[in-house]
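Dear colleague,

Please find below the structure that I am handing over to you, followed by an account of what was found in it.

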Amino acid sequence: MIPEIGLLSLIIALCLAFAQGILPLVGAQTGKPAWVAVAIPAAAGHAVFVAISFISLTWSFIASDFSVWYVAMNSNTELPLMYRIAAVWGGHEGSLLLWVLLLAFWALAVAAFSRGIPTLLRARILGVMGLISAGFMMFVLFTSNPFLRLFPVPLNGNDLNPLLQDPAMAFHPPLLYTGYVGFSVAFAFAVAAMLSGTIDRQWARWARPWTTMAWMFLTAGIVLGSWWAYYELGWGGWWFWDPVENASFMPWLLGTALIHSLAVTEKRGLFKSVTLLLAIGAFSLSLLGTFLVRSGVLVSVHAFASDPTRGLFILIYLAVVVGGALSLYAWRAPNLDKEVGFKPFSRETFLLLNNILLTAAAGLILLGTLYPLVLDAMNLGKISVGPPYFETVFIIPMLPMVVLMGVGMHTVWRSASATDVMRRLRMAVIITVLSGIVIPVLVWGWNSLLTVVGFVAGAWLIVSSLIDPVRRMMGKGPRITRGMAGMQIAHLGLGLCVLGITATTSFNIETDQRIVRGESVVVGDYTITFDGVQMVNGPNYQAIRADMSVTRAGQPVTVLHPEKRVYAVQDSPMTEAAIDSKLNRDLFIAMGDDLGDGSWSFRIQYKPLISFLWLGSIVMVLGGIVSVTDRRYRLAAPATRQAPVQAATVKST
Amino acid sequence: MLRFSFPILAFVALLGVFLIGLQRDPTYVPSPLIGKPAPVFNLPLLSDETRSLGTADIQGKIYALNVWATWCPGCRQEHQALMDIAARTDIPIYGLNWKDDPDAARRWLVQLGDPYAATVMDLDGRVAIDWGVYGAPETFLIDAEGIVLHKHIAPITMEIWTTDFVPKIIAARASRP
């Protein structure tokens with residue numbers, strides 16, 4: 001009965017989404033206030049019924065109702081409760097339902113927290129989100145119904161993929177999807193503005209916190225996924241340029257560009273067409289990510305659904321949503337930008353360059369991701385594009401960007417004086433070059449020019465982000481608003497990431513060793529002794545666990561326990577790496593195979609500063625949090641509260 | 001004006017690529033062995049571990065080589081089809097039992113029937129590496145000169161045998177009177 005309630009709620013939600021999508025949009029275009037007023041109640045009802053549907057599916061998992069096909073495929077009575085809940089989004093059907101749920105919640109949030117936004121603009125935003133949701137719900141209902149019954153009912157389920165039985169993996173998809181779907185708000189803002197034909201600075205101010213929030217969730221989701229890959233896949237890498245990783249990274253890059261472009265649109269009323277295009281692009285790439293993962297067009301570890309009907313449906317959906325928005329753009333954008341500009345040396349220029357470089361990086365990654373597909377489509381053979389390509393095309397635009405960021409932060413709007421900026425940054429440049437070159441060489445020794453460039457770039461970001469706060473503490477600089485502080489914190493976080501990436505890739509030690517029980521190997525400064533193996537029983541797996549004691553200069557450091565697990569139901573072996581994490585380095589041991597004669601193979605890795613990568617990402621998210629709490633976003637614009645979009649006036653602070 | 005239409009044009013082109021990409025089988029990987037001499041092996045027989053069988057013994061006649069294992073669900077799925085094919089064709093099908101437990105493999109053939117002319121054991125999987133096997137089941141077709149004619153990945157069916165294997169067998173026989 002519960003699954004039928006879930007299915008019925010989803011059908012009701014679909015009807016409400018159509019109401020939310022069609023009535024307000026038509027009403028806003030033709031001037032029917034009663035139709036426009038449907039937007040908020042429809043969005044609320046839509047969210048409630050999607051939530052009921054999602055709860056029904058969750059309930060079927062908690063109760064282990066194996067008469068539901070999707071539950072039988074992805075759960076098992078032996079699965080711990082937490083993973084029974086996480087298993088709801090462990091497969092194709094449930095993760096789509098999660099997508100729909102999050103979209104409905106974002107729309108609900110827009111309905112609830114946008115009282116300052118003019119009625120017409122808000123109705124249009126909700127309308128666009130309603131249509132996006134309706135399309136996705138049709139996809140779920142027609143091709144991927146999670147509530148299908150199974151007969152005869154199996155005694156037990158197929159279990160959740162053991163790779164996904166991990167706390168980080170339980171939260172990675174919801175966070176990532178919240179970010180993906182969150183860009184639908186920016187997209188809806190853009191489409192709504194293009195429908196009305198007017199974009200002003202007030203519009204950008206309204207759109208900014210929503211975009212930043214989506215970006216924060218996406219950042220957190222990507223990092224959690226990367227962290228999961230790092231310790232769970234057992235390879236010790238943290239980024240593989242896998243098509244699915246790229247699919248989440250491209251919207252992140254465009255979303256980052258969008259945040260900066262919105263800043264220019266808000267402060268100076270410029271870059272309107274760029275902002276619109278980035279808003280469309282960020283969400284389109286999120287949809288494309290879903291398409292690439294869900295259709296089976298690209299094969300990777302993640303792409304577990306491969307069904308041409310589904311692919312075709314998503315393709316049509318993509319054509320309608322993205323194609324529609326881009327056509328609207330081609331029609332409206334030419335009349336938006338005004339000629340008046342800015343001097344070549346100004347903050348506008350730096351932000352423009354920043355956006356060009358971010359977009360170029362996203363474009364080159366897109367090219368590498370799709371290139372094999374294009375070649376295959378033209379019958380030119382099967383190829384794969386690997387990390388060397390992606391690393392090169394990523395580093396080339398990113399290095400100049402990092403250098404420009406530091407300067408851009410200290411350049412004023414409109415027209416800046418190069419000598420002024422130079423004078424302000426002189427001290428910072430000296431500190432950066434000294435610390436960026438001297439400290440790493442003293443600690444790890446000389447590696448390569450690229451290593452030095454990486455360290456200097458990271459140090460430059462950190463130092464240049466700290467200039468204003470330090471001056472403020474010395475009582476010199478201007479007051480720092482939340483918005484500015486958020487920007488400085490986020491840039492500081494990026495600097496930490498750059499340091500972490502540079503150190504890990506330059507001074508990483510990675511070795512595969514055969515070790516006889518009782519013997520030791522030396523990795524870097526560390527001596528690792530293989531003390532023996534033991535059998536361990538987990539809740540739904542059996543494991544062989546190794547005892548590895550680690551010493552450094554004769555002093556005990558830690559004892560690590562890498563495991564090889566066999567999950568009972570799916571009979572699949574899994575490697576659980578053991579990691580000793582310190583701020584300055586990770587020591588990583590993964591268990592290989594029993595080589596007989598009492599020896600085992602191990603993969604041992606020493607990764608300096610990798611924690612900076614995770615830490616820096618968290619700092620970036622913190623920067624986002626600080627900036628969305630800026631007071632000016634909470635201030636309603638009284639002059640425009642009741643006015644229609646077309647009359648929205650601008651008052652900047 | 002055209003500047004602003006560029007995104008939609010690029011997007012339409014991309015859609016076209018996706019539409020073509022969707023109709024292709026992403027798991028299809030052509031074997032580099034096709035048209036090349038089959039890798040040689042000489043392995044112990046499953047039926048009698050003291051005796052061995054090698055490519056030298058079975059060459060001179062068109063044959064099929066099926067890679068299987070008891071731990072592979074796809075092999076169980078295709079087993080009946082192999083039985084049917086073996087009953088109808090005059091091509092000998094040899095089994096390459098890959099990284100398997102010999103006792104379990106023998107029990108399997110007793111329980112499900114034995115479609116193979118003979119089965120050899122590749123306990124450490126080295127021969128499978130030579131043959132470029134990356135997942136069981138896989139089925140190869142080798143001609144009388146020892147050249148690989150065809151490779152099929154995934155469970156075989158009578159239909160696949162008739163459409164993909166039989167024409168190649170006929171062509172190979174026609175070219176060699």
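I begin with strand E6 of chain B (residues 138-142), which is largely enclosed by the rest of the structure because 5 of its 5 residues are buried. Here a residue is called buried if 20 or more other C-beta atoms lie within 10 Å of its own, exposed if 12 or fewer do, and partly exposed in between, with C-beta atoms placed from the backbone. Strands (E, at least two residues) and helices (H or I, at least four) are DSSP runs, numbered from the N terminus.

Please note that this is a predicted model, in which local features need pLDDT of at least 70 and side-chain atom pairs count only at pLDDT 80 or more, while totals for chains, interfaces and linings use all residues. Residues are numbered from 1 along each chain as its sequence is written, and chains are lettered from A and ligands numbered from 1 in the order in which they are written.

Strand E6 of chain B and its partners

Both faces of E6(B) are covered: B:Thr139 and B:Leu141 are buried on one side, and B:Glu138, B:Phe140 and B:Ile142 on the other. Two strands are said to pair if DSSP finds at least two bridges between them. Strand E3 of chain B (residues 63-68) runs antiparallel to E6(B) and is joined to it by 5 bridges; within this pairing, B:Asn66 stands opposite B:Thr139. E6(B) also pairs with strand E7 of chain B (residues 148-153), again in the antiparallel sense and over 5 bridges. There, B:Glu138 has B:Ile153 of E7(B) as its bridge partner. The hairpin of E6(B) and E7(B) has 5 residues between the strands, and in it B:Gly146 takes a positive phi near 85°.

Chain A as a whole

Chain A contains 19 helices and 10 strands. Its C-alpha trace spans about 80 × 75 × 50 Å along the principal axes. The radius of gyration of chain A, 26 Å, agrees with the value near 26 Å for a compact globule of 653 residues; the radius is taken over C-alpha atoms, and the globule rule is 2.2 Å times the number of residues to the power 0.38. Of the 653 residues of chain A, 52% count as buried.

A sheet in chain A

Four strands of chain A form an open sheet in the order E1-E10-E9-E8, with antiparallel pairing. Its edge strands are E1 (509-516) and E8 (578-581), each of which pairs on one side only. E1(A) pairs with strand E10 of chain A (residues 599-608) over 8 bridges in the antiparallel sense, and A:Arg514 has A:Ser601 in E10(A) as its bridge partner.

Nonpolar cores

A nonpolar core is a set of buried Ala, Val, Leu, Ile, Met, Phe, Trp, Tyr and Cys residues joined through C-beta atoms within 7 Å. The largest has 202 residues, of which A:Val100, A:Leu103, A:Ala107, A:Ala186 and A:Ala279 touch the most other members. Helix H9 of chain A (residues 201-232) contributes the largest share of this core, 19 residues. Apart from it lies another core, of 33 residues, including B:Leu53, B:Leu96, B:Trp108 and B:Val148.

Finally, A:Val441 lies in helix H15 of chain A (residues 418-444). A:Val441 is partly exposed because 14 other C-beta atoms lie within 10 Å.
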